[in-house]
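Here is a friendly note to read with the model open beside you. Take the points one at a time and look up each residue as you go.

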Amino acid sequence: MPGPQRRGTGRSSVALLPTPTDDRRDAVSGKPVVLIAEELSPATVEALGPDFEVRYCDGADRAALLSAIVDADAILVRSATQVDAEAVEAAKNLKVIARAGVGLDNVDISAATRAGVMVVNAPTSNITSAAELTVAMILASARNVASANAALKGGKWARSKYTGVELDGKTVGIVGLGKIGALVAARLLPFGVKLLAYDPYVQAGKAAQIGAQLVSLDELLAESDFITVHMPKTPETVGLIGVDALLKVKPTVRIVNVARGGLVDEAALADAIREGRVAGAGIDVFAKEPTTASPLFELDSVVVTPHLGASTDEAQEKAGISVARSVRQALGGELVPDAVNIQGGLIAEDVRPGLPLAEELGRLFTALAGGAAQQLDVIVAGEITQHDVKVLELSALKGLFADITESPVSFVNAPYLAQERGLEVRLTTTSESPDYRNLVTVRGTLASGEVVSVTGTIAGKAMVHRIVDVNGFTVDVGLEAHTVFFRYTDRPGVVGTLGRILGESAVNIAGMQVSRNARGGEALVALTVDSAVSVELLSEISDAIGATWSRTADLSK
């Protein structure tokens, strides 16, 4: 996020979560502790590398988990380990919960967010495996593979009983045209099928690019010979293919669910098959798992598997490597923008340097305000606004709370802290920035009605952070560790008095900027100094120059 001058390609080191301190690391190795609570591929540990103390425990053993997680900086799990509020509370040093897979039903995301713990998963690691299993289920159902296999192994040559159907010329309805649904579509088109799709969040043009016709759910149900479901599990989608939907389908339809248990009503589907209203099904996921009892298990025309969608060597390796990289990034102080409990989305390279600037401005605002704000505006101006800059709001919030809360503040829990305190936060962007390429302003309204604001930018190839406005006064000083501000009536001798008192107190001035709204009117002086200015010294100077307002900011902590 360059300021007045153009810059090179230098990158800023962004601390998303508090960097582990020595007392939080393994006492023997001096490295952050990463706890692996379930069996993961060897490639996962390789991807973590040598910078961590890797420990193991059986995450399904509750007592062992709670004991092992106490001093862990990160935990890697699959689906058997319950990382709930109790586990999060026990893990005093925890910064990252990594799920080597897609679903997060076993992670209490709310508890993690409140504690400032990042939650990451591997949302794309199994999409190819899930798409391939979907096609396998469609083919197995169409050709009665499972039941014919069982009959022959049971000593019956029942060739005529297991006559199936071809895919060529059939209509396949895809419910949910996300990443997996799109992969399924690509794999089915060579079979000569017609593709219909239902997805309320997809435009018709995108569906057409994939080779599918976007239709209503009722139309898809009525026309499809095969229906495959690829929706997330939400209150709105549970039971989506239930009693009512199954009254609208062809009696020759076959239904496949490799997405989430509960999207297809198992009891309703079993009744429809028994009554001849559905020809068959392929089901990999169930409302309750693990399970060995479902009405679908009794039906020869149903192919069932025990949640194998992600159970390939490749998917497991991809998932492990993906979350291991996220753990490395997070514990190394880098940005993990796709963590599930971080707002802001993908962060453009031009936005990244603005993160520490916004955080410092948030801290400076807290020092200048001297009290809690009721409303906060984060205003971003300039070229940078062509990108999504939501993360700069989060960074400012992180800085705002950094010096006023006892617990660590991260991008994860900063919005929660704002909500908890009733702080209304707004992000405003504008491409107009006449004097600087980019600016970030943090402005807040206090309970008294007073408005406090500070604006900063990044200058030159050296990426120097500078303050360019304080409460409407134009300044140009470095955003340094120790800064002091005074507002007073403009008159001769003030600067000399300031210098004398600071000199007598052995405080060296590194930089100074005086700004005034009119000759003899109100003025503001901003100083950067080499050491902290005490409250007593601040008060002494204020009295000596007749300051109407004074603040000192210590950003060195």
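The points below go from the whole chain to a few of its parts.

1. A word on the source. This is a predicted model, in which local features need pLDDT of at least 70 and side-chain atom pairs count only at pLDDT 80 or more, while totals for chains, interfaces and linings use all residues. Residues are numbered from 1 along each chain as its sequence is written, and side-chain values use heavy atoms, with hydrogens and water left out.

2. The whole chain. The secondary structure comes to 17 helices and 22 strands; helices (H or I, at least four residues) and strands (E, at least two) are DSSP runs, numbered from the N terminus. The C-alpha trace spans about 105 × 55 × 40 Å along its principal axes. Of the 557 residues, 51% count as buried, where buried means under 20% relative accessible area, exposed means over 50%, and partly exposed lies in between (1.4 Å probe, protein chains only). Among contacts (heavy atoms within 4.5 Å) with a separation of 6 or more, 65% come from residues 24 or more positions apart.

3. A pair of helices. Two packed helices are described by the angle between their axes and the distance between the axes. Helix 5 (residues 127–142) and helix 7 (residues 179–188) have axes that come within 9 Å and cross at roughly 50 degrees. Axes here are lines fitted to C-alpha atoms, for helices over the stretch in contact, and angles run from 0 to 180 degrees between N-to-C directions. Helix 5 and helix 7 are therefore oblique to each other; angles under 35 degrees count as roughly parallel, over 145 as roughly antiparallel, 65 to 115 as roughly perpendicular and the rest as oblique.

4. Who meets whom there? On the helix 5 side, the residues in contact include I127, A131 and I138, and on the helix 7 side they include I180, L183 and L188. The residues of this contact divide into nine nonpolar, two polar and three charged. In this count Ala, Val, Leu, Ile, Met, Phe, Trp, Tyr, Cys and Pro are nonpolar, Asp, Glu, Lys and Arg are charged, and the others, Gly among them, are polar.

5. Six strands form it in the order 14-13-15-16-17-18, with mixed pairing; two strands pair if DSSP finds at least two bridges between them. Strand 14 (424–430) and strand 18 (473–478) are the edge strands, each pairing on one side only. From one strand to the next, the twist averages 20 degrees. Within the sheet, strand 15 (residues 438–446) and strand 16 (residues 451–459) pair in the antiparallel sense over six bridges, and R443 stands opposite S453 in strand 16.

6. Helices on that sheet. Helix 14 (residues 390–402) packs on the sheet and touches strand 13, strand 14 and strand 15. Helix 13 (residues 354–369) lies across strand 13 (373–382), strand 15, strand 16 and strand 17 (464–470), at about 150 degrees to strand 16.

7. Is A418 buried or exposed? At 4% relative accessibility, A418 counts as buried. A418 is found in helix 15 (residues 414–420), and beyond its neighbours within four places in sequence, A418 is in contact with L397, F401, L423 and V425.

8. Strand 9 runs parallel to strand 6 (residues 171–175), joined by four bridges, and V172 stands opposite F226. Strand 9 also pairs in the parallel sense with strand 10 (residues 254–257) over four bridges, where F226 stands opposite R254.
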